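Please open the structure in your viewer and keep a selection tool ready.

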Amino acid sequence: MVRKTSGDEKRRGNPTRFPLLPLRDMVVFPHMVVPLFVGREKSILALQAAMSSNRYIFLATQKNARKDDPPEEDIHVHGTLCKIIQLLHLPDRTVKVLVEGKRRGTITRFFAEDAFFSVEIGEIGESCRVTAELEALMRSVKASFETYATLTKKIPQETVGSVADTDQPSLLSDTVAATLDLKMTEKQELLAVAEPAARLERLLALMETEVEILRIEKKIHTRVKRQMEKTQKEYYLNEQMRAIQKELGGTDDFKQELAELEEKVKAGGLSQEASQKALSELKKLKLMSPMSAEAAVARNYVDWLVSLPWSTFGREKNDIREAAEVLDRDHFGLSRVKERILEHLSVMSLVGKVRGPILCLVGPPGVGKTSLARSIARATGRDFVKMSLGGVRDEAEIRGHRRTYVGAMPGKIMLNLKKAGSGNPVFLLDEIDKMSTDFRGDPASALLEVLDPEQNHTFSDHFLDVDYDLSRVMFITTANSLHSIPRPLLDRLEVIRLEGYTEPEKLEIARRYLVGKKLGEHGLPADNVSITDKAIVEIIRHYTREAGVRGLEREIAAICRKVAFSAAKGRLSKVTIRPQQVRELLGVHRFSHSGAEAEDSVGVVTGLAWTETGGELLGIEVAVLPGKGKLTITGKLGEVMQESAHAAVTYVRSRAPLLGLDREFFQNVEIHIHVPEGAVPKDGPSAGITMATAVTSALTGRAVRRDCAMTGEITLRGRILPIGGLKEKLLAAKRGTIKLVMVPAANEKDLREVPQEILNGLRICLVRHMDEVLEKVLPGKSEYPEFLRSPGKPAALGEASSAPH
C-alpha cells in the first residue's frame with residue numbers, strides 16, 4: 001500500500017528513506033535523548049537495519065497502543081528522525097537503545113517490506129527568525145514553566161536552568177513539551193506544528209491549564225491538612241478535658257449517654273439482629289471521639305433503633321358491633337363498603353393478625369376515603385398514621401437512604417411507625433395512584449415489599465439495614481383511579497370502590513353532619529339558624545358539581561360566614577335559610593342540569609352520561625343534508641365515542657330497506673352528528689344507541705319522544721351491550737323529569753343496587769336490540785326529507801325486529 005505524497009510535503013525538503021520504529025504511549029521530540037526498550041521482532045530488525053547503514057531511524061507514535069503489529073494507517077504521519085547513540089542486546093532477547101532526536105519529519109510514503117516498515121520522509125522546515133512577538137512568547141513560556149516547576153516539584157533544577165538559558169524558539173518549545181505531563185494527543189499535536197511561534201503559543205495555553213490545575217490541587221491539599229490538624233487538636237483537648245473531669249471527680253457526659261443507650265437497647269425489646277447491630281455500634285462509639293462526624297452518625301443510628309416500636313403494640317378492639325356503630329356514626333350510606341370492612345375486621349378478630357390482602361379504597365375526590373380509614377382505626381382501637389404519596393418520585397422516601405450519605409434518614413414507613421409509637425397502627429397510604437418515577441428510582445416498586453403479606457414481616461430499610469416486622473400493621477391505600485397504579489402493585493391490593501354520592505345521599509349527609517358542624521365552627525346556635533332541605537338541594541344542584549361533598553361543605557360554610565357577619569352587626573335574631581336566601585347569599589346559579597326537551601323533535605335524542613361528578617343528561621343532535629356520503633362528527637368526542645358514531649351509522653345503513661330508505665341513500669346525503677357543550681371532552685361507548693336513534697330520526701323524519709332518555713353500546717348488527725354507572729345515570733334522568741329510560745337488558749342485575757327512591761317515577765325499559773328501541777321512541781309516521789323520498793313502500797318497524805340479526 002502506498003500513501004500519496006502531496007506537493008506541499010515535497011516542497012518541505014528532500015525526502016529520504018529510513019527504517020520506521022513505531023512507539024507505544026510516548027512521543028519523542030527533537031533535541032531529546034531517550035532510552036527505549038524494544039521487544040517486538042519487527043522493531044528490532046528496523047534497529048539493526050539502521051545500525052548497518054547510517055544509524056538514523058524514524059520514530060512515530062501508534063494510534064492504538066494495544067496493537068503489536070500496527071498497519072500503516074494506525075501510525076501517525078508526524079514523527080521525529082533520530083540517531084542511534086548506543087544499542088545493547090539484553091539477556092531476555094530485548095534491546096535497549098539510546099536515541100537522540102534530530103529533526104521533525106512527515107511520512108510521505110510507506111514501504112511494506114517483509115521484515116519491517118521503512119518510510120520516506122519529508123523534512124518540516126522551521127523559521128529561525130526571532131521577532132519581537134516571538135521573543136515575548138519565549139519569555140511567557142519560560143515564566144510559566146518556572147511556575148509549573150515550582151508547583152509540581154518533580155522537575156530537576158538543572159532542567160529549569162537549561163530552559164531559562166535557551167534562546168532558540170524551536171529548542172525551547174521541544175524541551176518544555178517533553179518535560180510537561182501532557183496527554184498523548186496533546187504531545188502529538190505539538191509535534192505536528194511546524195512553526196515555532198504557533199507551537200509556543202499552543203504550549204503556553206496547555207501550560208497555563210496545567211498550572212491552574214496544580215494550584216487547585218495545592219489548595220485542596222492545604223485545606224485537608226488544616227482539617228486534619230483541627231480534628232487532632234480537638235481530640236487532644238477532649239482527652240485533656242476528660243482527664244481534668246476525672247481528677248475533679250466529675251462525670252463524663254459522653255460515657256453516661258452511651259450507658260443510657262445501652263440500657264435502652266437491652267430493655268427496648270429489639271429483635272436479635274437489631275440488638276446485635278446496636279451493641280456493635282455502641283462498642284465502636286466508645287472508641288471514637290465524641291466530637292467526630294462518625295460518632296454523630298453512629299449515635300443517630302442507635303437512637304433510631306431504640307426509638308422504634310419493636311415490641312410495643314396498641315390494644316386492639318374486636319367488637320364488630322361497636323365497629324359497625326362507629327362506621328355508621330361517621331359515614332352515611334356506603335353499605336357495601338362498610339360490609340366489606342366489617343368482614344375484614346371479623347377475620348382479623350378470629351385469626352388474631354392481619355394476614356390477607358391490603359384494602360384499596362378507590363373513588364372520586366371528596367367521597368370520604370381518608371375519613372373512612374380514620375374511622376377504621378377508631379373502630380379497631382388502633383393508632384392512626386397517614387403517609388401522602390402524591391408526587392413521591394424517590395425510592396428513598398419509602399426505603400430511606402443508606403448511612404453512607406450525609407444527612408441520611410430512614411424512609412417514611414419507619415418515620416411514621418416511630419410517630420405512631422406502636423407496631424400495629426392503621427397505616428394509610430394516601431393517593432397511591434399519584435406516585436411517579438424518575439432517575440432516583442421507582443417508589444411503586446419499593447412498595448411491593450411493604451404491601452405484600454408474604455414479605456413484609458422482613459422489611460428492610462436502607463438506613464436501619466435490619467429486618468423489621470410490618471405484618472401486624474393494617475395498611476389501607478386510597479386512589480382516585482386504578483389505571484396509573486402499576487400492575488404488580490395492584491395485584492397485591494383488594495379494591496373497594498366508593499361511588500359518588502347521589503343527590504338524596506348528599507342531602508342526608510348535609511342534614512346529619514355538615515350543617516351542624518359548620519354552624520358550630522362559625523359560632524351560630526342551631527336554635528337560631530336553620531337551613532331547609534330545599535335550600536340544601538338548591539346548593540347541591542346549582543352551586544356544586546362533584547361526586548363527593550367537599551364543595552357542598554364549602555358552600556354551607558360560605559352561607560354560615562355571611563350569616564355570622566350579619567350576627568356580628570346585631571341584625572340576627574332567628575334565621576331560616578330557604579332557596580331564595582341561598583340565591584341572595586351565594587349569587588347567581590353556577591351550574592345548571594340539563595332537562596328533558598320541551599317538545600318532540602326530529603334528530604334530537606337525550607342520552608345519559610356518567611362523569612366523575614355524577615350522572616348527566618347528554619343531548620345528541622343529527623342533521624341530514626344533501627351531499628356525497630360524508631359523515632361529520634363534532635363536539636370534542638374521544639376516539640371510542642367517534643367509533644360508536646360510525647357503528648351507529650353503519651347499523652342504520654344496514655337496516656335501510658326496513659326503514660323505507662333506498663339502499664344507496666348514503667351516497668346522496670351528508671350526516672352531521674353533534675354533541676353540544678363542545679368545549680367539554682366526551683368519550684365512551686354508551687352513547688351508541690342514542691346516536692343510532694338520532695340518525696334514524698333525522699333520516700325518516702320521525703320525532704323522538706321528549707320524555708325518553710337512553711344509554712347503551714351498539715354493535716354493527718344492532719345488539720345492545722351493557723354499560724356502567726347506571727345509578728348515577730338514572731339519578732340524572734329523574735332530576736331531568738325523564739319518564740322513560742332505555743337500559744340494556746344485560747344491566748338488569750345492576751337495578752337491584754339502585755335505591756327505590758330513584759326508581760320511583762321512572763319507567764325502565766330493558767332492551768336487547770336496537771330495533772326494540774326504535775319501536776318505542778319513534779312514534780308517528782315517517783316524513784322523509786325531500787331528497788330521500790323513495791317510491792317504494794316503507795316497511796314497518798315491527799317487521800324490522802323480526803328480521804334475522
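What covers the buried residues of α22? The cover includes β18 (614-626), β19 (630-634), β20 (669-674), α23 (688-700), β23 (713-714) and α26 (770-777). Buried here means under 20% relative accessible area, exposed over 50%, and partly exposed in between (1.4 Å probe, protein chains only). Helices (H or I, at least four residues) and strands (E, at least two) are DSSP runs, numbered from the N terminus.

The model is a predicted one, in which local features need pLDDT of at least 70 and side-chain atom pairs count only at pLDDT 80 or more, while totals for chains, interfaces and linings use all residues. Residues are numbered from 1 along each chain as its sequence is written, and side-chain values use heavy atoms, with hydrogens and water left out.

**The whole chain**

Of the 805 residues, 46% are buried. Contact means heavy atoms within 4.5 Å. Among contacts with a separation of 6 or more, 74% are between residues 24 or more positions apart.

**Helix α22**

Select residues 639-654. This helix, α22, has 16 residues and reaches 23 Å from its first C-alpha to its last, close to the 22 Å expected at 1.5 Å a residue. The expected span is 1.5 Å times one less than the number of residues. Its buried residues are Met641, Ser644, Ala645, Ala647, Ala648, Val649, Tyr651 and Val652. An α-helix has 3.6 residues a turn, so residues three or four places apart point the same way.

**Helix α19**

Next, select residues 533-542. In this helix, α19, seven of the ten residues are buried: Ala535, Ile536, Val537, Glu538, Ile539, Ile540 and His542. These buried residues pack against α18 (503-521), β14 (529-531), α20 (550-568), β15 (575-577) and α21 (579-586).

**Salt bridges**

A salt bridge is a side-chain nitrogen of Lys or Arg within 4 Å of a carboxyl oxygen of Asp or Glu. The count by this rule is 29.

Select aspartate 465 and lysine 277, whose side chains form a salt bridge at 3.6 Å, N to O. Aspartate 465 lies in the loop between β10 (459-460) and β11 (467-468) and lysine 277 in helix α9 (residues 272-286), so the pair ties together parts that are 188 residues apart in sequence. With a relative accessible area of 26%, lysine 277 is partly exposed; aspartate 465, at 41%, is partly exposed as well. Aspartate 465 also has a positive phi, near 60°, though it is not a glycine.

Move to aspartate 328 and lysine 338, which meet in a salt bridge at 3.0 Å, N to O. Aspartate 328 belongs to helix α11 (residues 320-330) and lysine 338 to helix α12 (residues 335-351), so this pair ties together parts ten residues apart in sequence. Is lysine 338 buried or exposed? Lysine 338 is buried, with a relative accessible area of 7%, whereas aspartate 328 is partly exposed at 43%.

Now select arginine 340 and glutamate 494, joined by a salt bridge at 2.4 Å, N to O. Arginine 340 is in helix α12 and glutamate 494 in strand β13 (residues 493-497), so the pair ties together parts 154 residues apart in sequence. Glutamate 494 is partly exposed, with a relative accessible area of 22%. Elsewhere, salt bridges that share partners join Glu508, Arg511, Arg512 and Asp533 into one network.

**Single residues**

Select asparagine 416 in helix α15 (residues 412-420). Asparagine 416 is buried, with a relative accessible area of 7%. Not counting residues up to four places away in sequence, asparagine 416 touches Val385, Lys386, Met387 and Phe427.

Finish at glutamate 431, in the loop between β9 (426-430) and α16 (443-450). Glutamate 431 has a positive phi of about 55° although it is not a glycine. Most residues other than glycine have a negative phi. At 24% relative accessibility, glutamate 431 is partly exposed.
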